[in-house]
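Subject: A structure for you to look at

Hello,

Here is the structure I promised to pass on. Have a look at it first, and then read on for what turned up in it.

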Amino acid sequence: MTAADRDRQAELLVLADRLRPELHRYCARLMGSVFDGEDVVQDTFARALVALQEMDETPPLRPWLFRIAHNRALDLLRGRSVRKTEPLDAGLEIADTAHPGPEEVLMRQEAVQTAVSRFAELPVLQRSAVVLKDVLDEPLADIAALLGLSVDAVKAHLARGRARLREIHAQAGVPPSPPRPPSEQAAHYAALFNQRDWDGLRALLADDVKLLQSAYALRSGREDVGTFFTIYAKADGIRLAPAWLEGREVIAVFEDPSDPRPSYVMWLTWRDGKISFIRDYRYVRYVIAEAELMLAESISRFPPSPLEGEEEKSLG
C-alpha cells in the first residue's frame with residue numbers, strides 16, 4: 001500500500017466516525033430496521049476501503065459513501081422483493097429552502113418521529129426522498145444526484161412519501177402490544193452477568209462462537225471470545241436486562257443507574273443451548289438512538305431519543 005493509499009484510508013476512517021450516525025439514520029429507515037441499517041453501514045465502509053485502493057483520485061467522500069450505502073441497501077431490498085410501483089403525482093410545489101414554512105416543518109417533524117420500521121411501508125424511492133430531505137435535510141439537487149432522478153421526480157416522490165407518512169402517523173395512536181416474556185436463555189445470560197459470574201458466562205460459549213464489535217475485527221473461538229467478559233469484568237455498575245427490539249430479543253445494557261434508558265444493546269444467537277454469536281453494539285450506540293425498545297420483564301417502554309442538536313449539525 002502506497003503512502004497516498006494510507007492517507008486516503010485515514011481520511012475515510014476519520015470521516016467514518018463523523019458520518020456513521022447520519023449514514024445509519026438513512027440506512028435504517030431505508031431497510032426498515034436499525035439492525036439491518038447498521039449492517040449496511042458496516043458493509044459500506046468495508047466496500048469503500050477496497051474501492052479506494054483501485055482509484056487514482058479520491059472522490060468527494062460524503063456523497064460517494066451515501067451512494068455506496070444506497071446501492072447496497074437497494075441490492076438487499078431487491079432480494080426481499082419489496083420494491084413497488086411508484087406512480088409520480090404532482091409535487092412540483094415543494095420548495096428547497098433553508099427556511100421552510102410551518103407545514104414543511106411539520107412534515108419534517110413527522111418524518112423524524114416516525115418509527116424506523118414504519119418506513120418499510122413506503123416504496124423505496126419515496127422512502128429515500130423523505131429520509132434524505134425531511135430527516136437529513138439534504139438539498140433536492142443532491143438527492144436527485146444520489147437517486148439518479150430529476151429534481152421534479154424527487155419532488156413527486158417526496159410528496160407521495162409525505163402523504164403516506166401522514167397516514168402512518170394517524171395510525172400511531174394504537175396501544176402498543178404488551179411486553180413479551182424473556183426467553184430462558186436470555187434471562188439466564190443477564191442474571192449471570194449481573195452476578196458477575198464470568199466463568200458461568202464463558203461456560204455458555206460454543207467452541208466456535210463468534211463475536212462482532214464494530215470497532216474491532218471478528219473474534220472466533222471460545223478462548224478468544226472469552227476475553228469479552230474479562231474486559232467487562234473491569235467495568236463497574238453495568239447491568240443487563242432482556243428486552244425486545246423490532247421483534248428481536250436483545251440484551252439491554254445499562255451503564256448509568258440513573259438513566260432509565262439503556263446505553264446500547266447486545267444481540268445473541270444460540271445453538272444447542274450454547275452461545276454461537278454475540279453482536280455487541282457498544283461502539284455504535286447510535287443504532288438504538290431512534291428505536292423503540294421494550295424491556296421483557298416489565299411494561300417499561302423506551303421511545304426514540306432525539307440526537308443532540310449540536311451533534312446533528314456536526315454531521316452535515
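Two residues are in contact when heavy atoms of theirs lie within 4.5 Å. Counting the contacts in the protein chain with a separation of 6 or more, 65% are between residues 24 or more positions apart. Please keep in mind that this is a predicted model. The protein chain has 316 residues, of which 48% count as buried, and it holds 11 helices and 8 strands.

As background, nonpolar side chains in soluble globular proteins tend to be buried together. Here the largest nonpolar core has 61 residues, and the members that touch the most others are Tyr26, Val34, Leu65, Phe66, Leu132 and Leu245. Helix α1 (residues 3-31) gives the largest share of this core, with 10 residues. There is also a second, separate core of 25 residues, with Ala186, Ala190, Leu204 and Val225 among them.

**Helix α5 and what follows**

How much of α5 is buried? The count is 12 of the 12 residues, so the helix is largely enclosed by the rest of the structure. The buried residues include charged ones by name, such as Arg127, Lys133 and Asp134, as well as Val130, Val131 and Leu132.

Leu132 is worth a click. Leaving out residues up to four places away in sequence, Leu132 touches Tyr26, Phe66, Asp137, Glu138, Ile143, Leu146 and Leu147. Both Tyr26 and Phe66 are also listed with Leu132 among the core members that touch the most others.

**Helices α6 and α7**

Next come α6 (residues 140-147) and α7 (residues 151-170), whose axes come within 9 Å and cross at roughly 95 degrees. The two helices are therefore roughly perpendicular. On the α6 side the contact is made by Leu140, Ala141, Ile143 and Ala144, and on the α7 side by Val151, Val154, Lys155 and Leu158. These residues divide into 7 nonpolar, no polar and 1 charged.

**Strands and loops further along**

Another positive phi belongs to Glu246, at about 55 degrees, and this residue is not a glycine either. You will find Glu246 in the loop between β3 (239-245) and β4 (248-254), where it counts as partly exposed at 35% relative accessibility. Which residue is 45 residues apart from Glu246 in sequence but 8.3 Å apart in space, C-alpha to C-alpha? That residue is Ala291, which lies in the loop between β6 and β7 (293-295). Ala291 is buried, with a relative accessible area of 5%.

Finally, take a look at Ser276 in strand β6 (residues 274-280). Ser276 is buried too, at a relative accessible area of 11%. Setting aside neighbours within four places in sequence, Ser276 is in contact with Ala206, Asp208, Val209, Lys210, Thr269, Trp270 and Arg271.

Technical notes:
Residues are numbered from 1 along each chain as its sequence is written. This is a predicted model: local features need pLDDT of at least 70, side-chain atom pairs count only at pLDDT 80 or more; totals for chains, interfaces and linings use all residues. Side-chain values use heavy atoms; hydrogens and water are left out. Axes are lines fitted to C-alpha atoms, for helices over the stretch in contact, and angles run from 0 to 180 degrees between N-to-C directions. Helices (H or I, at least four residues) and strands (E, at least two) are DSSP runs, numbered from the N terminus. Angles under 35 degrees count as roughly parallel, over 145 as roughly antiparallel, 65 to 115 as roughly perpendicular and the rest as oblique. A nonpolar core is a set of buried Ala, Val, Leu, Ile, Met, Phe, Trp, Tyr and Cys residues joined through side-chain atoms within 4.5 Å. Buried means under 20% relative accessible area, exposed over 50%, partly exposed in between (1.4 Å probe, protein chains only).
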